[in-house]
Amino acid sequence: MKKTAALLLLIFTISLCLLTTYAENSKDNLSLDGKAAILIDMKSGQVLYEYNADTKLYPASTTKIMTAILALEMGDPDQIMTASLRAVYDIGDGGMNIGIVEGEQLPLEALLNAMLIKSANET
C-alpha cells in the first residue's frame with residue numbers, strides 16, 4: 001500500500017512539473033495601477049505584455065535602498081549630518097517629507113530611518 005501511494009505521489013508530482021500553463025491573451029482584462037509595465041519571458045526574452053514600456057520612470061524605492069546601502073557602507077550611523085538647502089527643497093512633485101529644515105543636524109541613522117521607514121525624500 002505504501003509503495004502504491006508513493007508511486008502515485010511521484011507520478012502526480014512529475015505531471016505537475018510537466019504541466020504547461022496558458023494565460024488568456026487579452027489586454028482588456030488587465031487592470032494596472034502603474035504608469036508603465038513590461039512582462040518578459042525569462043528564458044526566451046520575448047515580450048509577453050507591455051504598457052508604456054518606453055516611458056522613462058525613476059525607480060524610487062530601489063534608489064532609496066541603494067542609497068541606504070551605500071550610506072551604511074561608507075558612513076557611520078552615529079555620524080552627524082547637516083541638511084542642505086537642496087536636500088530640503090529639491091524633493092520634487094509629490095515627494096514625501098518629514099519636515100527637516102535647512103541646517104538641521106541629525107545622525108545618519110535617523111536620516112536612514114526617515115528615508116526607509118517614512119519614505120521621506122529630503123534625506
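## Helix α2

Helix α2 (residues 60–74) contains 15 residues and reaches 21 Å from its first C-alpha to its last, close to the 21 Å expected at 1.5 Å a residue; the expected span is 1.5 Å times one less than the number of residues. Helices (H or I, at least four residues) and strands (E, at least two) are DSSP runs, numbered from the N terminus.

Lys64, Ala68 and Ala71 are the buried residues named in α2, where buried means under 20% relative accessible area, exposed over 50%, and partly exposed in between (1.4 Å probe, protein chains only). Viewed down the axis of α2, the buried residues fall within an arc of 65°, so they line one face of the helix; the arc is that of the directions from the helix axis to the C-beta atoms. The face turned away from the buried side of α2 carries Thr62, Glu73 and Met74, which are exposed.

## Model and confidence

This is a predicted model, in which local features need pLDDT of at least 70 and side-chain atom pairs count only at pLDDT 80 or more, while totals for chains, interfaces and linings use all residues. Residues are numbered from 1 along each chain as its sequence is written, and side-chain values use heavy atoms, with hydrogens and water left out.

The average pLDDT (the predictor's confidence in each residue, from 0 to 100) is 82 for the protein, and 81% of the residues score at least 70. Confidence is lowest in helix α1 (residues 2–18), with a mean of 72, and highest in strand β4 (residues 105–107), at 96.

The buried residues of α2 pack against α4 (108–116). The largest nonpolar core has five residues: Ala68, Ala71, Leu108, Leu112 and Met115. At least two residues of this core come from each of α2 and α4, and α4 gives the most, with three residues. A nonpolar core is a set of buried Ala, Val, Leu, Ile, Met, Phe, Trp, Tyr and Cys residues joined through side-chain atoms within 4.5 Å.

Leaving aside residues up to four places away in sequence, Leu108 touches Ala71, Gly75, Asp76, Pro77, Gln79 and Met81. A contact means heavy atoms within 4.5 Å.

## Whole protein

The protein has four helices and four strands, arranged along the sequence as α-β-β-α-β-α-β-α. Of its 123 residues, 11% are buried. Among contacts with a separation of 6 or more, 41% join residues 24 or more positions apart.

The protein exposes about 10500 Å², of which carbon and sulfur atoms supply 59%. Accessible areas come from the Shrake-Rupley method with a 1.4 Å probe; for residues, only the protein chains shown count as cover.
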